[in-house]
Amino acid sequence: MREISTIAVTQAVRDACIEANYHLPADVAECIGRCRRQEPFAVAQDILDNIQKNIEVAAEGVYPLCQDTGFAAVFLELGQEVHITGGSLYDAVNEGVRQGYTEGYLRKSILNDPLRRVNTKDNTPAFITTTIVPGDKLRLTVAPKGGGSENMSRLAMLKPSDGVEGVKQFVLETVEKAGPNPCPPIVVGVGVGGTFDQVALAAKRALLRSLDEPNPDPLYAQLEQELLEKINALGIGPQGFGGRTTALGVLIEQLPCHITGLPVAVNISCHVTRHASRQL
């Protein structure tokens with residue numbers, strides 16, 4: 001049994017909150033650069049140039065990548081041989097978010113209730129997902145998610161007879177309906193299978209994968225590429241002004257499911273697809 005203190009957890013979450021909001025992951029930044037080189041439309045080129053400039057300025061640590069510094073989605077991979085000492089693990093995570101969003105001068109966007117709508121003023125609580133894994137380490141990932149792209153996400157309980165064509169139609173319909181609202185170019189996380197609740201989480205978790213890492217199953221890897229091509233053929237383009245760069249990537253996570261169902265969820269992320277990880 002290995003002990004990890006809540007103090008260490010809080011510090012790691014704090015640092016990850018700040019890093020994620022100021023430094024775009026290299027795979028996303030490089031993909032934007034590739035898309036800029038391949039984009040034939042002048043207006044789209046200018047927008048992608050501005051996006052790249054924004055990434056460079058944010059990396060200097062003065063201004064975050066986006067004014068919407070999002071809700072703090074925190075993914076914990078907790079080794080089953082780890083003992084958390086010094087208090088509650090979730091309290092430690094929330095304290096890290098509180099410190100990170102305060103010390104990093106990040107916008108606080110969380111309300112204490114969906115109808116009363118009073119701001120908690122420190123961006124807590126975090127939205128925490130915990131997975132128990134083998135080993136004696138704790139890996140945590142902070143993925144700030146903006147409200148504009150989150151609001152464009154959808155879920156459907158398709159019939160098995162809808163098949164792969166039904167999945168493709170739902171994904172494309174979701175992106176087309178979203179249009180410019182999620183600040184394209186977007187990253188499209190797709191969950192397929194599981195249950196009503198699990199498929200939505202799978203779609204969000206898919207966004208943590210590198211854009212350079214296709215699904216290990218050839219069937220789904222091919223589907224990711226096909227959907228990316230079809231989405232970019234929609235012509236929505238950067239910020240909705242037209243062009244071939246509507247999406248940077250499509251990432252699918254599949255789950256086993258019941259014989260009667262075919263759940264599918266789409267979690268859209270803007271071009272600022274942020275996440276930072278720490279291992280304790």
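This is a predicted model: local features need pLDDT of at least 70, side-chain atom pairs count only at pLDDT 80 or more; totals for chains, interfaces and linings use all residues.
The structure I would like to walk you through holds one cavity of 30 Å³ or more, where a cavity is a set of points, on a 1 Å grid over the protein atoms alone, where a 1.4 Å probe fits but cannot get out. Residues are numbered from 1 along each chain as its sequence is written, and side-chain values use heavy atoms, with hydrogens and water left out.

To return to the largest cavity, about 110 Å³ of space lies in it, a volume being the space filled by probe spheres set on grid points that are joined across faces, edges and corners. Its lining has 14 residues, of which A143, P144, K145, L207 and R274 lie nearest the centre, and lining residues are those with an atom within 4 Å of a point. The strand β5 gives the most to this lining, with three residues; strands here are DSSP runs of E of at least two residues, helices are runs of H or I of at least four, and both are numbered from the N terminus. By class, the lining divides into seven nonpolar, four polar and three charged residues, with Ala, Val, Leu, Ile, Met, Phe, Trp, Tyr, Cys and Pro counted as nonpolar, Asp, Glu, Lys and Arg as charged, and the others, Gly among them, as polar.

Next, the largest pocket, which is an open set of points with protein on both sides within 12 Å along at least five of seven lines. It has a volume of about 300 Å³, and among its 15 lining residues S109, I110, L111, R117 and F127 lie nearest the centre. Five of the lining residues are nonpolar, five are polar and five are charged.

R117 is exposed, with a relative accessible area of 54%, where exposed means over 50%, buried under 20%, and partly exposed in between, for a 1.4 Å probe and protein chains only. Y105 lies in the loop between α4 and β4 as well, with a positive phi near 55 degrees. P125 is also found in that loop, and a cis peptide bond with omega of about 5 degrees joins T124 to P125.

Which residues does V9 touch, not counting residues up to four places away in sequence? They are I4, L89, A92, V93, L138, L140 and L280, with contact meaning heavy atoms within 4.5 Å. In α1, the buried residues include V9, A12, V13 and A16, and what covers the buried residues of this helix includes β1 (2-5), α3 (42-58), β3, α4, β5 and β10 (276-279).
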